[in-house]
Amino acid sequence: WVNFSNDGKYVVTASSDRTVKIWSVPGGQLIRELKGHTDKVRTVQYTNDDKYIISAAWDSTAKIWDASNGNLVRELKGHKGSLNAALVSPDGKHITTTSMDNTARIWLMANGTMEHELKAHTNSITSAHYSRDGKRIVLASWDNTASVWDTESGNMLFKLSDHTASLKSAAFSPERNFIVTTSEDNTLKKWNAISGELLYTFFA
């Protein structure tokens, strides 16, 4: 997994060797190695201001790192299974983590407090995606469904249920009118993001 800094000067990588590494662009020089995870690191992401790096790992934790010096700022603990992803909200105030414990959690960036635990799935949650305004988040799961949530209240708004195999991902369109899901059933489905109505199925 790789992610560019928003200024384009650096790229950060996640690795199965349990480390996060920061590299220069261009040149590819190793700038800094971040150690602290005790299992494979699954995803990494810069915050919008490039001040922090968020990592998620199979050790059931997410970590917030100072991008300028590599120091560990905060650890997000509480999941009971390996993490698949950690995602920063568009306004940079929250982090959402997805886990093999069948839940997602929304945390405050400022102090690491968990605000909401999102529980509606019966299998691992593979991905999360915020709407552009950050007011909603869609989760994709191995239980063949996706779910859409209000990020302020932590309430589920509706489920997207038509796939016949595990979901790989789900994402909002930029204008937030549509959601697209992809699945191991070799289809891509387009949904109304307001009502959850299935609009179209694309077959691979």
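This is a predicted model: local features need pLDDT of at least 70, side-chain atom pairs count only at pLDDT 80 or more; totals for chains, interfaces and linings use all residues.

Modeller: The protein has 20 strands and 0 helices. Its radius of gyration is 17 Å, close to the 17 Å that the globule rule gives for 204 residues, so the protein is as compact as a globular protein of that length. The C-alpha trace spans about 45 × 35 × 30 Å along the principal axes. Of the 204 residues, 50% count as buried. Among the contacts with a separation of 6 or more, 34% are between residues 24 or more positions apart. The protein exposes about 9700 Å², of which carbon and sulfur atoms supply 48%.

Now the salt bridges. Side chains of opposite charge can pair when their charged atoms come close. With a cut-off of 4 Å between a side-chain nitrogen of Lys or Arg and a carboxyl oxygen of Asp or Glu, the count comes to 7 salt bridges. One of them joins K21 and E33, whose closest N and O atoms are 3.7 Å apart. K21 belongs to strand β3 (residues 19-24) and E33 to strand β4 (residues 30-35), so this pair ties together parts that are 12 residues apart in sequence. E33 also meets K35 in a salt bridge, at 3.8 Å from N to O. The relative accessible area of E33 is 35%, so E33 is partly exposed. K35 has a relative accessible area of 60% and is therefore exposed.

Another salt bridge pairs D162 with K189, and here the closest N and O atoms are 2.8 Å apart. This pair links distant parts of the chain, 27 residues apart: D162 is in the loop between β16 (156-161) and β17 (167-172), while K189 is in strand β19 (residues 187-192). The two partners fall in separate accessibility classes: D162 is partly exposed because its relative accessible area is 37%, whereas K189 counts as buried because its value is 5%. Elsewhere, salt bridges that share partners join D17, K21, E33 and K35 into one network.

The loop between β3 and β4, the strands that hold K21 and E33, contains P26. The peptide bond from V25 to P26 is cis, with omega near -5°. N102 has a phi of about 75° and lies in the loop between β10 (94-99) and β11 (103-108). With a relative accessible area of 22%, N102 counts as partly exposed. R176 has a phi of about 70°, and its place is in the loop between β17 and β18 (178-183).

S5 counts as buried because its relative accessibility is 5%. Its side chain makes a polar contact with the side chain of D7, at 2.7 Å. Leaving aside residues up to four places away in sequence, S5 touches Y10, Y46 and D50.

The surface also carries a nonpolar patch, formed by V180, L188, L199, Y200 and F202, with about 410 Å² of accessible area together. Strand β20 (residues 198-203) gives the most to this patch, with 3 residues. L199 is in strand β20 and counts as partly exposed because its relative accessibility is 36%.

Last, E75 gives a sense of separation across the model. E75 is found in strand β8 (residues 72-76) and is partly exposed, because its relative accessible area is 33%. When residues up to four places away in sequence are not counted, E75 touches T61, A62 and K63. The C-alpha atoms of E75 and N192 are separated by 36 Å, and the two residues are 117 residues apart along the chain.

Terms used. Residues are numbered from 1 along each chain as its sequence is written. Side-chain values use heavy atoms; hydrogens and water are left out. Patches are made of residues with over 30% relative accessible area and no salt bridge: like charges are joined within 9 Å, nonpolar side chains (Val, Leu, Ile, Met, Phe, Trp, Tyr) within 5 Å. Accessible areas come from the Shrake-Rupley method with a 1.4 Å probe; for residues, only the protein chains shown count as cover. Helices (H or I, at least four residues) and strands (E, at least two) are DSSP runs, numbered from the N terminus. Buried means under 20% relative accessible area, exposed over 50%, partly exposed in between (1.4 Å probe, protein chains only). A polar contact is a pair of N or O atoms within 3.5 Å; within protein, one must be able to donate a hydrogen and the other to accept it, and residues adjacent in sequence count only if both atoms are side-chain atoms. Contact means heavy atoms within 4.5 Å. The radius of gyration is taken over C-alpha atoms; the globule rule is 2.2 Å times the number of residues to the power 0.38.
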